[in-house]
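This report goes through the charged pairs, aromatic rings and nonpolar cores of one protein model. Please keep the sequence and the structure in view while reading.

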Amino acid sequence: MKTIKVAAAVICDSILYRSRIFATARGYGRFKGMWEFPGGKLEAGETPQQALIREIREELETEIKVGDLIETVEYDYPDFHLSMDCFWCEVIRGRLVLLEAQAARWLTKAELDSVNWLPADRELIRRISQQMQDSNKS
């Protein structure tokens, strides 16, 4: 089975406090309309952090700071294996402009289950929830 290596940005309002995260609804392909964390495939010679900076600039016209690795999700879709490095990130310059996604939302910890996540992203939600603060404590 083919392995696809990607990096995902869990963009939060503050890397220190993490009371809200940014999620996007996929605007194309088989999983159109399902929710995910922005990011994409690593190019040859790129680190996951470099890929995220490039991908977020391309997808959202925004510059981010890449923080700590949350975890690497390994997930088998029917026709490929996904290896996804997921990092805490925050916006350092620009506004989040949707160039590829069909929708976006800032989600609090209590709202994480309010969208239909892609299967591999669901694997990450529990870990993210444990590391987020309740919005009324921020």
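## Salt bridges around R54

E46 has a relative accessibility of 18%, so E46 counts as buried, the limit being under 20%. The model discussed here is a predicted one. E46 forms a salt bridge with R54, and the closest N and O atoms of the two are 2.6 Å apart. R54 counts as buried as well, at 12% relative accessibility.

R54 also meets the side chain of E58 in a salt bridge, with 3.4 Å from N to O. E58 and R54 both belong to helix α1 and are 4 residues apart, so about one helical turn separates them. With a relative accessible area of 41%, E58 is partly exposed. Through salt bridges that share partners, E43, E46, R54, E55 and E58 are joined into one network.

## A buried charge without a partner

Which element holds E59? E59 is placed in helix α1, which covers residues 48-60. E59 is buried but has no salt bridge. The nearest side chain of opposite charge is that of R54, at a distance of 7.4 Å.

What does E59 touch, apart from its neighbours within four places in sequence? Its contacts are P38, G39, V97, L98, L99 and E100.

## Another salt bridge, and the total

How many salt bridges does a search of the whole structure find? The search finds 9. One of them joins the side chains of E36 and R26, with 2.8 Å from N to O. This pair links distant parts of the chain: E36 is in strand β3, R26 is in the loop between β2 and β3, and the two are 10 residues apart. E36 is buried, with a relative accessible area of 14%.

## Aromatic pairs

The count of aromatic pairs comes to 5. F31 and Y77 form a tilted pair, with 5.4 Å from centre to centre and 55° between the planes. F31 lies in the loop between β2 (20-25) and β3 (35-36), while Y77 lies in strand β5 (residues 63-77), so the pair ties together parts that are 46 residues apart in sequence. F31 counts as buried at 17% relative accessibility, and Y77 counts as buried at 7%.

F37 and W117 form a stacked pair, 4.8 Å from centre to centre with 25° between the planes. F37 is in the loop between β3 and β4 (39-41), and W117 is in the loop between β7 (103-108) and α2 (119-131). The pair links distant parts of the chain, 80 residues apart. Both F37 and W117 are buried.

F31 and Y77 also belong to one aromatic cluster together with Y75 and F80. Another ring has a charge over it: the charged end of R20 sits over the ring of W106, 4.7 Å from the centre of that ring.

## Nonpolar cores

In soluble globular proteins, nonpolar side chains tend to be buried together. In this model, the largest nonpolar core has 31 residues. Which residues have the most contacts inside this core? They are I21, F37 and I128. The elements that give two or more residues to this core are β1 (3-11), β2, β5, β6 (80-93) and α2. β6 gives the most, with 5 residues.

Not counting residues up to four places away in sequence, I128 touches V10, I21, F37, I70, W88 and L112. A second, separate core has 11 residues, including A7, A9, F22 and L52.

## A buried loop residue

Where is I15 found? I15 is in the loop between β1 and β2. Is I15 buried or exposed? At 16% relative accessibility, I15 counts as buried.

Leaving aside neighbours within four places in sequence, I15 is in contact with K65, G67, W88, C89 and E90. I15 and V91 are 76 residues apart in sequence, and their C-alpha atoms are 9.6 Å apart in space.

Conventions
Residues numbered from 1 in each chain as written. Predicted model: local features only at pLDDT ≥ 70, side-chain atom pairs only at ≥ 80, totals over all residues. Heavy atoms only, no water. Buried < 20%, exposed > 50% of the residue type's maximum accessible area, 1.4 Å probe, protein only. Lys, Arg positive; Asp, Glu negative; His and termini not counted. Salt bridge = Lys/Arg side-chain N within 4 Å of Asp/Glu carboxyl O. Contact = heavy atoms within 4.5 Å. Phe/Tyr/Trp six-rings, centres within 6.5 Å; stacked < 30°, edge-to-face > 60°. Lys NZ or Arg CZ within 6 Å of the ring centre and 35° of its normal. Core = buried A, V, L, I, M, F, W, Y, C linked by side-chain atoms within 4.5 Å.
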